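I opened my notebook to look through this structure step by step. Have a look with me, and keep the picture beside these notes.

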Amino acid sequence: MTIEDATNLAIIRFLGEPWCEETKQQLSETFRKILPGPYEIDWVFEDHTPEIKLTFPESPEATEWMLLHR
């Protein structure tokens, strides 16, 4: 599964919900269930659409994960 696929699946579950910290937390938990990995999640709301920003530690495992799921 790609990062984009997981993002879309997570967002679909929360369409119509108000954009707030609780929604961002729920989106993050849903994304991690769909695509677990070594990253930190931040959601940015631009053009009326939530977009995911993933931050990875510098490690061979994180690099391998990014190459596998992009």
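**Before I start.** I call a residue buried under 20% relative accessible area, exposed over 50%, and partly exposed in between, using a 1.4 Å probe and protein chains only. I am looking at a predicted model, in which local features need pLDDT of at least 70, side-chain atom pairs count only at pLDDT 80 or more, and totals for chains, interfaces and linings use all residues. Residues are numbered from 1 along each chain as its sequence is written, and side-chain values use heavy atoms, with hydrogens and water left out.

**Entry 1: Asp 5.** I looked up how open Asp 5 is, and it is partly exposed, because its relative accessible area is 39%. I found Asp 5 in helix α1; helices (H or I, at least four residues) and strands (E, at least two) are DSSP runs, numbered from the N terminus. I also checked Asp 5 against Thr 55, which is 50 residues away along the chain, and their C-alpha atoms are separated by 18 Å.

**Entry 2: the whole chain.** I counted three helices and two strands, and along the sequence they follow the pattern α-α-β-β-α. The radius of gyration is 12 Å, close to the 11 Å that the globule rule gives for 70 residues, so the chain is as compact as a globular protein of that length. That radius is taken over C-alpha atoms, and the globule rule is 2.2 Å times the number of residues to the power 0.38. The C-alpha trace spans about 40 × 20 × 20 Å along its principal axes. Of the 70 residues, 31% are buried.

**Entry 3: the core.** Which residues touch the most other members of the largest nonpolar core? I noted Phe 31, Tyr 39 and Leu 54, in a core of 15 residues. Two or more residues each come from α1 (3–12), α2 (21–34), β1 (40–46) and α3 (60–69), and α1 gives the most, with four. A nonpolar core here is a set of buried Ala, Val, Leu, Ile, Met, Phe, Trp, Tyr and Cys residues joined through side-chain atoms within 4.5 Å. I then listed what Leu 54 touches (contact means heavy atoms within 4.5 Å): leaving out residues up to four places away in sequence, these are Ile 3, Phe 31, Tyr 39, Glu 40 and Ile 41.

**Entry 4: Lys 24.** Is Lys 24 buried or exposed? Lys 24 counts as buried, because its relative accessibility is 19%. Lys 24 lies in helix α2 and, neighbours within four places in sequence aside, is in contact with Trp 19 and Trp 43.

**Entry 5: the two strands.** I followed β1 to strand β2 (residues 49–55): the two run antiparallel and are joined by seven bridges. Strands count as paired if DSSP finds at least two bridges between them. The partner of Glu 46 in β2 is Thr 49. Two residues lie between the strands of this hairpin, where Asp 47 takes a positive phi near 50°.

**Entry 6: helix α3.** I found Ala 62, Trp 65 and His 69 buried in α3. Seen down the axis, the buried residues of α3 fall within an arc of 60°, so they line one face of the helix; the arc is that of the directions from the helix axis to the C-beta atoms. What covers these buried residues includes α1. On the face turned away from that buried side I noted the exposed residues Pro 60, Glu 64, Leu 67 and Leu 68.
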